[in-house]
Amino acid sequence: AIEYLRKEFDKKFISITDQAIKKSLECEGDIFVMATKATCLQHTYKIKIEKNSNKKVFEKACPLLVSLIEKGIVSGDEVDKALKDYLELANEKKIENIVLGCTHYPIVEDEIFKNLNYKANIIDPAKVLAKNIKFDENEKKYMEIYMTDVNEISQKMTNKIMGEKIKIQKASL
């Protein structure tokens, strides 16, 4: 949808996925993408990274993480059990880079590190995006953020990452 939006409106649209892909291409080694089922089915990361590098991209849908996080369960046995399953391939192959392909996953980043049996580079697309947003000194600092699922957790996470309060808008698909 981002190409359509860029053509249809006179605004700058930044894809969080493209930011993560760009960062992934800068890193040494292969990529393990933890994402939603929909993201994995689209293979956006895999297609773009493998097309532009010699890296292998492995994808793992992690649907239980979203449910646990939205229930406020961000550590403990349930989270560890889910992560042990989701990270099995990463642990087996010692995949150098892990992309957090869902806005919820940074909330359990410490738990992800804890459930790895090796040291990996974690790529949080939201942090990459936040670091790459630049404003000219004279430019009005106005930003709108749209997500398909707006909830208390995504709002808190966005405010924390951006360092200020920005009201998230619900994206209608």
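The crossing of helices H2 and H4 is right-handed. This comes from a predicted model.

**Helix H2 with helix H4**
- The axes of H2 (residues 16–26) and H4 come within 10 Å of each other and cross at roughly 40 degrees.
- On the H2 side, the contact is made by Thr17, Asp18, Ala20, Ile21, Ser24 and Leu25.
- On the H4 side, Thr44, Tyr45, Lys48 and Ile49 take part.
- Sorted by class, the residues of this contact of H2 with H4 are five nonpolar, three polar and two charged.

**Helix H2 with helix H9**
- H2 also packs with helix H9 (residues 125–132): their axes come within 8 Å and cross at roughly 90 degrees.
- H2 and H9 are therefore roughly perpendicular to each other.
- H2 contributes Ile16, Gln19, Ala20 and Lys23 to this contact.
- H9 contributes Pro125, Ala126, Val128, Leu129 and Asn132.
- The contact of H2 with H9 is made up of six nonpolar, two polar and one charged residues.
- Ala20 of H2 is listed in the contact with H4 and again in the contact with H9.

**Helix H5 with helix H6**
- The axes of H5 (residues 63–70) and H6 (residues 77–86) come within 10 Å and cross at roughly 160 degrees.
- An angle over 145 degrees counts as roughly antiparallel, and H5 and H6 are therefore roughly antiparallel to each other.
- The crossing of H5 and H6 is left-handed.
- Pro63, Leu64, Leu65 and Leu68 of H5 meet Glu78, Val79, Ala82, Leu83 and Tyr86 of H6.
- The contact of H5 with H6 has eight nonpolar residues, no polar residues and one charged residue.

**The aromatic pair**
- One aromatic pair is present in the structure.
- Phe9 and Phe13 form this pair, with 6.4 Å from centre to centre and 55 degrees between the planes, and the pair is tilted.
- Planes under 30 degrees apart would count as stacked and planes over 60 as edge-to-face, so the angle of this pair falls in the tilted class.
- Phe9 has 43% relative accessibility and so counts as partly exposed.
- Phe13 is also partly exposed, at 22% relative accessibility, because the limit for buried is under 20%.

**A buried glutamate**
- Glu109 is found in helix H8, which covers residues 109–114.
- Its relative accessibility is 13%, so Glu109 counts as buried.
- Leaving aside residues up to four places away in sequence, Glu109 touches Leu100, Ile122, Asp124 and Lys127.

**Two residues with positive phi**
- His43 has a phi near 55 degrees, a positive value in a residue other than glycine.
- His43 lies in the loop between helix H3 (37–42) and helix H4 (44–51).
- With a relative accessible area of 33%, His43 is partly exposed.
- Lys94 likewise has a phi near 55 degrees, and Lys94 is a residue other than glycine.
- Lys94 is in the loop between helix H7 (88–93) and strand E3 (97–101).
- Lys94 is partly exposed, with a relative accessible area of 39%.

Methods:
Residues are numbered from 1 along each chain as its sequence is written. This is a predicted model: local features need pLDDT of at least 70, side-chain atom pairs count only at pLDDT 80 or more; totals for chains, interfaces and linings use all residues. Side-chain values use heavy atoms; hydrogens and water are left out. Rings of Phe, Tyr and Trp (its six-membered ring) pair if their centres lie within 6.5 Å; planes under 30 degrees apart count as stacked, over 60 as edge-to-face and the rest as tilted. Buried means under 20% relative accessible area, exposed over 50%, partly exposed in between (1.4 Å probe, protein chains only). Helices (H or I, at least four residues) and strands (E, at least two) are DSSP runs, numbered from the N terminus. Contact means heavy atoms within 4.5 Å. Axes are lines fitted to C-alpha atoms, for helices over the stretch in contact, and angles run from 0 to 180 degrees between N-to-C directions. Angles under 35 degrees count as roughly parallel, over 145 as roughly antiparallel, 65 to 115 as roughly perpendicular and the rest as oblique. A crossing is left-handed if the near helix is turned anticlockwise from the far one by less than a right angle, and right-handed if clockwise. Ala, Val, Leu, Ile, Met, Phe, Trp, Tyr, Cys and Pro count as nonpolar, Asp, Glu, Lys and Arg as charged, and the others, Gly among them, as polar.
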